[in-house]
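Here's a quick look at one model, going from a chain contact to a helix and then a sheet. Have the coordinates open while you read.

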Amino acid sequence: MKLNNLTIKKAMQGLKDRQYSSVELVTACLDQIRMRNQNLNAFITVCEDKALEQAKQADVLIKDGQDLPLLGIPIAAKDIFSTKGVKTTAASKVLDSYIPPYDATVISKLKNAGAVIVGKTNLDAWAHGSSGENSDFGAVKNPWNEEYVPGGSSSGSAVSVTSGMALAATGTDTGGSIRLPASFTNIVGLKPTYGRVSRYGIIAMASSLDCVGHFTKTVEDSALFLNVTAGKDSFDATTPPEIVPDYLKSLPNGINGLRIGVPKEYIEGIEPEIFNNFKSSLKILGKLGAEIINISLPNTEYGIAVYYIIQPAEVSSNLARFDGIRYGNDRASFGNEAKRRIMLGTFTLSVGYYDAYYKKAMKVRTLIIQDFENAYKKVDAIVSPVSPTVVWKIGEKVNDPLKMYLSDVLTVNCNLAGIPGLSVPSGFIQGLPVGIQFLGPKFSEELLFRIGHTFEQETRFFEKTPYEL
Amino acid sequence: MKKRLMNYKVIIGLEVHVELKTQSKMFCGCLTDYFGQKPNSHTCPVCLGLPGALPVPNQQAIEWCVQIGLALNCQIPLFAKFDRKNYFYPDLSKGYQISQYDEPFCLGGHIQIKGKKFGITRVHMEEDTGKLTHEGGSSLIDFNRSGVPLVEIVTEPDFDNAKDVKAYLQKLQQIVRYLGVSDADMEKGQMRLEPNISITLNSNSKILPKYKVEVKNINSFGFVEKAIDFEIKRQLEILEKGDTPKQETRGWDEEKNGTVSQRVKEEANDYRYFPEPDIPPIRWTAKQIEILKSQIPELPDEKLTRFEKEFSLSMYDAEILVKDDQQANYFEQAVKDASGKVTPKQIANYIINKKISIDEILPAKLIEDILTANKTEEININELRAIVQKVLQDNPKVTAEFKNGKENVIQFAIGQVMYIIKKKIDVNIVRKLILEELK
Amino acid sequence: MYSMKIDVLHIAKLASLPLKDDQIQKYEEQLLEILEYIEKLKKVNTDKVHETSQVTNLENVTREDSTAPSLSPDQALTNTKSQQNGSFKVKAILEQ
């Protein structure tokens with residue numbers, strides 16, 4: 001197997017055993033980028049020199065017997081994570097030459113854990129999008145079939161992991177932007193509990209919804225990664241003081257007797273192929289010992305409406321700092337989708353409309369939160385498809401903003417409630433990946449990892465890759 | 001044709017911003033000490049509004065804001081939060097200011113000034129903007145001031161003349177200095193006044209006029225009365241013509257000696273307030289508010305009353321002593337050190353009239369000096385009587401005028417005696433002897 | 001028929017977004033389509049429901065009044081396209 005197709009777990013072992021060096025590992029990823037990125041457009045910036053330098057340093061530390069959790073592992077960062085001295089663009093012309101003078105907290109943590117950053121990945125500009133087509137630097141393609149979207153907004157990060165350009169990649173999930181692309185590219189995507197991971201240094205989209213997460217090939221890798229990134233940050237006042245457990249500990253415990261809920265509202269109106277795939281997944285979960293229970297989340301249908309009031313409102317305010325004075329280009333450089341959301345948000349917050357829209361949305365948000373709270377009295381976790389449709393072709397939805405927004409219908413409510421969600425591969429439909437997601441109560445990542453790991457080890461979809469090993 | 005306005009009433013409400021003298025800024029750890037510093041030398045991702053930065057509020061600033069509210073007799077709601085005030089301006093690095101909208105720290109207080117009571121609507125916390133200076137065809141921005149904690153104090157529209165406004169400002173400055181939360185130096189921009197002025201033609205009506213004019217850029221005490229008087233006059237002239245003054249923002253122009261219209265956008269700003277998602281709200285317990293209240297030192301009004309009573313001082317003297325809390329404390333220490341050997345009144349006189357520098361002389365030393373000055377030397381009574389008799393002999397005019405009822409000629413005689421003696425002796429003894437001899 | 005009106009020019013001005021004339025109509029249509037979809041919230045009874053503006057349920061997260069190193073002036077100015085004597089420079093603002 002080529003080094004860049006290893007999991008983090010295997011790579012850590014190999015590095016420790018001196019089977020290969022970090023430089024070799026990182027080089028394998030850089031080679032893959034050189035070979036495939038022209039086509040897939042997953043990276044905006046490749047940090048070849050810096051990465052090799054970091055890899056060399058990692059090798060010294062490995063030789064020294066240092067035991068850092070991600071030492072020498074090549075990872076990618078979504079290009080809204082501030083990286084000191086390295087261009088950070090949000091995939092927008094507004095920031096095409098912006099170089100942050102500081103690292104995001106998560107980036108510091110990853111660096112301190114020994115990770116090697118191979119580059120900054122492409123995304124829907126400002127994280128506005130569900131397909132990966134909204135970038136000012138060109139659309140990202142799905143390596144499983146280059147005519148198809150990889151999903152968004154963390155498109156480049158998902159593609160970098162599934163195509164072997166990095167062993168893991170950071171992302172953000174505000175309405176589904178990690179879980180959706182993970183499900184379209186046959187990898188694992190984690191959206192942690194809101195506040196579990198610090199947002200400091202990550203270009204804000206919607207402050208009360210943005211969650212910092214990541215992509216990996218396996219659930220175990222995902223848990224390993226969260227061990228590094230999770231925790232209270234004094235620079236982010238919305239990170240609760242909850243202790244960070246060792247997320248790896250309970251992975252092998254199985255799911256016997258676990259009560260997993262299927263919300264009926266999440267399977268109404270989905271495509272038949274998605275429904276069939278989902279049914280097969282439920283059978284497997286049952287076989288693994290879980291009890292499948294039908295539940296209802298009655299306010300599900302209002303999620304998109306609530307989301308598309310609250311999110312653009314916060315977006316319109318968060319993007320106000322981009323006036324071209326201290327950094328970046330002027331506001332005429334914003335793309336169409338950004339302009340649309342800024343205007344929508346400005347409108348719903350404006351005099352005369354605030355009560356009818358923003359205030360109303362905040363109230364319905366409470367109802368959606370209560371739906372989940374009530375559900376978790378009956379079940380331990382919830383399972384559902386991630387996308388209501390099979391992945392679509394590039395260009396198919398791009399001219400219909402509302403249609404594009406509706407791709408998030410199964411993912412947004414989780415963000416409105418601030419609960420964690422784990423997207424795990426659940427098979428293929430005509431060669432194209434599809435996934436399922438597990439949603440849990442706040443701070444239940446351990447539980448979600450346990451379910452995901454058990455399911456994944458049984459189904460073994462992670463063994464498939466878009467290119468030969 | 002001009003109408004003489006008979007029944008008008010001036011209505012003034014005041015917005016004052018006070019800069020808190022915390023060490024660090026409101027939402028980040030940058031130094032607040034920006035005056036005279038190299039531009040953009042005290043900034044960080046947070047106060048510079050870099051992408052990805054997040055605010056974390058300063059506990060000290062919040063507590064001081066509440067204490068200002070308590071000193072102004074406000075209610076302190078147990079729940080408060082921050083909100084975003086959205087607008088675009090080059091000195092506003094995030095494109096929004098973190099402030100407080102509908103749930104501020106303090107509500108509904110009042111302040112008493114020379115027997116008049118003025119309502120305080122609210123006291124809330126916000127952050128300052130960067131500083132704009134103009135040079136040729138450009139505007140230059142320095143963000144050192146961006147993020148410095150500001151407390152905004154809003155009064156009810158209870159003022160109707162410039163003198164009261166000035167007195168209010170002086171009182172407010174005194175209070176925040178006593179609290180130790182701000183130096184409130186207007187010239188340094190640490191206390192800023194924005195009066196809202198309008199005039200109603202029917203002084204009996206409780207309905208407020210349909211317009212109001214906000215005046216900015218009054219940056220010294222000297223301009224307060226000038227600016228307000230000018231604006232009142234300007235509005236009266238318009239009203240006399242039968243027109244209504246335009247609702248607008250005007251700036252005090254020192255050179256023109258008047259207020260000038262500011263070319264802001266015609267549409268009123270729609271600030272689109274919404275709750276700040278990056279900062280959890282603040283919830284107090286009643287106990288915490290009690291503790292904050294107990295930490296407030298004796299405030300000027302209380303101290304004034306106490307000084308008048310406890311030290312038998314005139315209001316005039318007490319006011320001067322109490323003006324500055326350091327001076328007031330100095331005075332009390334001196335009284336203590338005197339242990340009755342010098343009266344408080346004497347000490348007050350000394351401090352006020354001799355204008356001593358309280359930084360240069362310790363209270364105990366001051367008492368020593370006063371005692372020395374009061375000290376009189378001994379003198380032999382017979383010697384003194386001999387001198388008194390001589391003076392009266394040499395100045396027969398004294399005896400004559402005294403017998404004619406001119407009693408104050410005694411002062412002259414005393415002067416003569418003191419001149420001969422050239423020693424500091426008790427004047428009362430001299431007077432007594434002179435009177436004896438004259439009889 | 002959905003009868004909402006949206007003044008795109010006014011909104012764009014409030015949001016400081018320069019728009020090209022030929023885009024205005026298109027934005028208006030797209031925004032109205034989204035707003036029409038959002039209308040469905042009117043059906044929801046929220047009479048006794050409180051607003052959620054944050055999901056953490058955190059309160060009283062503050063920091064001590066202690067100082068930390070700032071960026072150097074060079075770092076602060078590093079990304080600007082217009083500066084003068086250590087300050088950010090813009091075209092003259094016409095009023096104070």
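What follows is a short tour of a predicted model.

Start where chains A and C meet: 44 residues of chain A are in contact with 38 residues of chain C. On the chain A side, α9, α10, α11 and α12 each supply at least two residues. The most comes from α11(A), which gives 10 residues. By type, that side of chain A splits into 27 nonpolar, nine polar and eight charged residues.

The helices involved on that side are these:

| Helix | Residues |
|---|---|
| α9(A) | 303–318 |
| α10(A) | 336–349 |
| α11(A) | 355–375 |
| α12(A) | 401–405 |

Now over to chain B and its helix α3, residues 221–240. From first C-alpha to last, α3(B) reaches 30 Å, close to the 28 Å expected for its 20 residues at 1.5 Å a residue. Its buried residues are B:V224, B:A227, B:I228, B:F230, B:E231, B:Q235 and B:L239. They sit on the same side of α3(B) because they cover an arc of only 165° around the axis. Their packing partners in chain B are α2, β10, β11, β12 and β13. After the helix comes B:G242, with a positive phi near 95°.

Last, there's an open four-stranded sheet with antiparallel pairing, in the order β7(B)-β8(B)-β2(C)-β1(C). β7(B) and β1(C) stand at the edges with a single partner strand each, so one side of each has no neighbour in the sheet. β7(B) and β8(B) run antiparallel and are joined by five bridges; B:L132 has B:I141 in β8(B) as its bridge partner.

Note on methods
Residues are numbered from 1 along each chain as its sequence is written. Chains are lettered from A and ligands numbered from 1 in the order in which they are written. This is a predicted model: local features need pLDDT of at least 70, side-chain atom pairs count only at pLDDT 80 or more; totals for chains, interfaces and linings use all residues. Two residues are in contact if their C-beta atoms, placed from the backbone, lie within 7 Å. Ala, Val, Leu, Ile, Met, Phe, Trp, Tyr, Cys and Pro count as nonpolar, Asp, Glu, Lys and Arg as charged, and the others, Gly among them, as polar. The expected span of a helix is 1.5 Å times one less than its number of residues. A residue is buried if 20 or more other C-beta atoms lie within 10 Å of its own, exposed if 12 or fewer, and partly exposed in between; C-beta atoms are placed from the backbone. The arc is that of the directions from the helix axis to the C-beta atoms. Two strands pair if DSSP finds at least two bridges between them.
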